[in-house]
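Reader: I'd like to go through this model with you and ask what stands behind each label. Could you show it to me?

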Amino acid sequence: MDNFQLVFVCTGNICRSPMAEGIMKDCILDEIKSGGEPLPIRVSSAGTSAVDGFPASEYAVQAAARHGIDISAHR
């Protein structure tokens, strides 16, 4: 079976969609750690007016970190 691709989209890809991507990736990791099968899924995010290479906003990184999710490497 081919991998399923899930893309979260917002305007700038610096806040909402990177956090959604991080949350989903964290959920998938939790499932694998609890003994579940790895899912054939690729998770990413995009923006309708995004600038290539921009990081997630400082506030999005902080908000995600408060929930144990690291999106600091997002570009």
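**Labels and their cut-offs**

Author: Here is the confidence to begin with: the protein chain has a mean pLDDT (the predictor's confidence in each residue, from 0 to 100) of 91, with 97% of its residues at 70 or more. This is a predicted model, where local features need pLDDT of at least 70, side-chain atom pairs count only at pLDDT 80 or more, and totals for chains, interfaces and linings use all residues. Residues are numbered from 1 along each chain as its sequence is written, and side-chain values use heavy atoms, with hydrogens and water left out.

Reader: What makes up the protein chain in terms of helices and strands?

Author: Two helices and two strands, running β-α-β-α from the N terminus on. Helices (H or I, at least four residues) and strands (E, at least two) are DSSP runs, numbered from the N terminus.

Reader: Why is the pair Glu21 and Lys25 called a salt bridge?

Author: The closest N and O atoms of Glu21 and Lys25 are 2.8 Å apart. The term asks for a side-chain nitrogen of Lys or Arg within 4 Å of a carboxyl oxygen of Asp or Glu, so the pair qualifies. A search of the whole structure finds one salt bridge. Glu21 and Lys25 are four residues apart in helix 1 (residues 16-33), so about one helical turn separates them.

Reader: What about Ser44, buried or exposed?

Author: Ser44, in strand 2 (residues 41-47), has 14% relative accessibility, so Ser44 counts as buried. The C-alpha atoms of Ser44 and Glu21 are separated by 5.8 Å, though the two are 23 residues apart along the chain.

Reader: How do you know that Ser17 and Ala46 make a polar contact?

Author: A polar atom of the Ser17 side chain lies 3.4 Å from the backbone oxygen of Ala46. The cut-off is a pair of N or O atoms within 3.5 Å; within protein, one must be able to donate a hydrogen and the other to accept it, and residues adjacent in sequence count only if both atoms are side-chain atoms. So 3.4 Å falls within the limit. Ser17 lies in helix 1 and is buried, at 2% relative accessible area.

Reader: What makes Asn13 stand out in its phi?

Author: Phi of Asn13 is near 55°, a positive value in a residue other than glycine. Most residues other than glycine have a negative phi. Asn13 sits in the loop between strand 1 (4-10) and helix 1, and at 10% relative accessibility counts as buried.

Reader: How do the residues lining the largest pocket divide?

Author: Into four nonpolar, three polar and four charged. Ala, Val, Leu, Ile, Met, Phe, Trp, Tyr, Cys and Pro count as nonpolar, Asp, Glu, Lys and Arg as charged, and the others, Gly among them, as polar. The lining includes both Glu21 and Lys25, so two of the charged residues there are the salt-bridge partners.

Definitions and conventions. 1 Å grid on protein atoms, 1.4 Å probe; cavity = no way out; pocket = protein on both sides within 12 Å on 5 of 7 lines; lining within 4 Å. Buried < 20%, exposed > 50% of the residue type's maximum accessible area, 1.4 Å probe, protein only.
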